[in-house]
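Subject: Handover of a structure and notes on what was found

Dear colleague,

Please find below the structure that I am passing on to you, followed by an account of what was found in it. I would be grateful if you could read the notes with the structure open beside them.

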Amino acid sequence: VKPSPLLHRRLGSLSGALSALAEAEGEGKVLAGGQSLVPLLNLRLAAPQVLVDVQDVPGLRHLRREGDELVIGALVTHDRLVRYPAPLPGFEHLRAAGELIGHLPVRARCTFGGSVAHADLLGEWLLLCLLHDALLDCASFEGLRQVGIVDFLHGPFLTDLGDAELLVQVRLRRPFAYAALREFARRPGDFAVVAVAVGFDVVGGAVDGSRTAVAGAGPVPAMVPQAEAVFDGGTPSAWLFAHAARVAAASVTPTSDGAGSADYRRVLVAGLLEEACHEVLRTAT
Amino acid sequence: VTEHRHIRLEVNGRSHELDVVHRILLSDLLRDVLRLTGTHLGCEHGVCGACTVLVDGAPVCSCLLLAVSVDGCRVETVEGLAAAGGSPLPGALSRHQALQCGFCTAGFLVLGESWLRRGPDRESAREAVSGNLCRCTGYAGLIRAFEDAAEEHDSST
């Protein structure tokens, strides 16, 4: 259980890292926290010739509000986000979601950008990128390119990132007064079987601008506009949440696999969405 | 081509300068090169936590770090914690019979040490131990031992 021979390049600048990726001619892989990549190297499921270690690249560890957006540098670790000392208005629920990821040793190394670029379809950050309508800033020698999360995500472990591109920051564009992520996993810290995220504002006593995103109940994490149609304009109540949950469960298109049948996944979607709604009202962001 | 690099590491307070191949894992460097065999290797893909060490104070799976990635860092292993002494954890593990074969114990000691240093709240012992695997005693004793150690830690600080 050892990585294959490889060339490790640790660059201290963005341009250095981008040249190293370009010089690797498709045989390179970006190493950030390594919590997903190194297991693959150890098991030799991945054997890149060049690892471009970006931990010393400056300017990738910021976390700041720019207008409505929360801008997260690619190298912000989960632990940093969970324990960020200042308030994160409109995005406060990211802390609770981050605590669902792995365990402390994982969260201490894992990075936000690394998780998103790795694109495990059950990843919490990917789901929240969808919920918050994220824009991803990808750097290369051609310059900076912005990609929306829907276009970014091609499939399991597949993204729009080119071989010589580096995800440098993620812009979560949509803050919510109320938001939560709920998931069901076999054990704490495991990837979820199904995860659901919901966010909305309340204007004049009615739900406004809701968004609902679901992972584990379709080919890729996806929004559920049918649930949003139920939420919007409704009065936040147990009845509304139960109704939206039923509609969401009926709208998703899960398939059966070893972790759960399609019917089971629908039951999880309904239960988790209802729980998430009740949770957001308890803990307003 | 086997690429080497010269790295500096502080391990348990001692400075080391080493020539390492790029692909060597921190876990293998500790065990095979520095002969610090207290760090155990279970799964070698970041699931079991037996190889947990502290890097610049943060708990990490040493099997998921290339040694070249921690060039310049400060590493603490179970041997370092033992030499420093004063931790309430070993005694607590013993009192609560929280070990049997001992394979996972080094990992739990290092994990527990980082948990104590972060200022644990009583509720989170259960969450803290969930990161590592123990296949003999189960977790009841471990949770009690962590809680006990936290109480001792609080009263001594």
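A contact, as the word is used here, means heavy atoms within 4.5 Å. The model is predicted, and local features therefore need a pLDDT of at least 70, side-chain atom pairs count only at pLDDT 80 or more, and totals for chains, interfaces and linings use all residues. Residues are numbered from 1 along each chain as its sequence is written, chains are lettered from A and ligands numbered from 1 in the order in which they are written, and side-chain values use heavy atoms, with hydrogens and water left out.

Chain A

In chain A, 63% of the contacts with a separation of 6 or more are between residues 24 or more positions apart. The secondary structure of this chain comes to 11 helices and 14 strands; these are DSSP runs numbered from the N terminus, with helices (H or I) of at least four residues and strands (E) of at least two. The C-alpha trace of chain A spans about 60 × 45 × 30 Å along its principal axes. Its radius of gyration is 19 Å, which agrees with the value near 19 Å for a compact globule of 285 residues. That radius is taken over C-alpha atoms, and the globule rule is 2.2 Å times the number of residues to the power 0.38.

Of the 285 residues in chain A, 56% are buried. Buried means under 20% relative accessible area, exposed means over 50%, and partly exposed lies in between (1.4 Å probe, protein chains only). Glu25(A) is exposed, because its relative accessibility is 68%. This residue lies in the loop between helix 1 (14-23) and strand 2 (28-31) of chain A. Its phi is positive, near 50°, although Glu25(A) is not a glycine.

Chain B

Chain B has 6 helices and 5 strands. The radius of gyration of chain B is 16 Å, close to the 15 Å from the globule rule for 157 residues, so the chain is as compact as a globular protein of that length. Read along the sequence, the pattern is β-β-α-β-β-β-α-α-α-α-α. The C-alpha atoms fill a box of roughly 50 × 30 × 20 Å along the principal axes of chain B. Buried residues make up 52% of the 157 residues in chain B, and 57% of the contacts in chain B with a separation of 6 or more join residues 24 or more positions apart.

Helix 1 of chain B covers residues 26-33, and its buried residues are Leu26(B), Ser27(B), Asp28(B), Leu29(B) and Leu30(B). What do these buried residues of helix 1 pack against? They pack against strand 1 (4-11), strand 2 (14-21), strand 3 (52-55) and strand 5 (74-76) of chain B. Helix 1 is followed by Arg35(B), whose phi is positive, near 60°. Arg35(B) is in the loop between helix 1 and strand 3 of chain B, and counts as exposed because its relative accessibility is 58%.

Further along chain B, Ala106(B) is in helix 4 (residues 105-117). Is Ala106(B) buried or exposed? Ala106(B) is buried, because its relative accessibility is 10%. Leaving aside residues up to four places away in sequence, Ala106(B) touches Gly38(B) and Val78(B). Ala106(B) and Cys51(B) are 7.7 Å apart in space, C-alpha to C-alpha, and 55 residues apart in sequence.

Cysteines

A disulfide is a pair of cysteine sulfur atoms within 2.5 Å. A search of the whole structure finds 0 disulfides over all chains. Cys129(A) is in no disulfide, and the nearest cysteine sulfur, that of Cys138(A), is 11 Å away. Cys129(A) is buried, with a relative accessible area of 0%, and Cys277(A) is buried with a relative accessible area of 0%.

The cavity

How many cavities of 30 Å³ or more does the structure hold? The structure holds 1 cavity of 30 Å³ or more. A cavity is a set of points, on a 1 Å grid over the protein atoms alone, where a 1.4 Å probe fits but cannot get out, and lining residues have an atom within 4 Å of a point. Grid points are joined across faces, edges and corners, and a volume is the space filled by probe spheres set on the points. The largest cavity has a volume of about 50 Å³. Its lining includes Asp53(A) and Arg109(A), and also Leu64(B), Leu65(B) and Leu66(B). By class, the lining has 6 nonpolar, 4 polar and 2 charged residues. Here Ala, Val, Leu, Ile, Met, Phe, Trp, Tyr, Cys and Pro count as nonpolar, Asp, Glu, Lys and Arg as charged, and the others, Gly among them, as polar.

Yours sincerely

Conventions. 1 Å grid on protein atoms, 1.4 Å probe; cavity = no way out; pocket = protein on both sides within 12 Å on 5 of 7 lines; lining within 4 Å.
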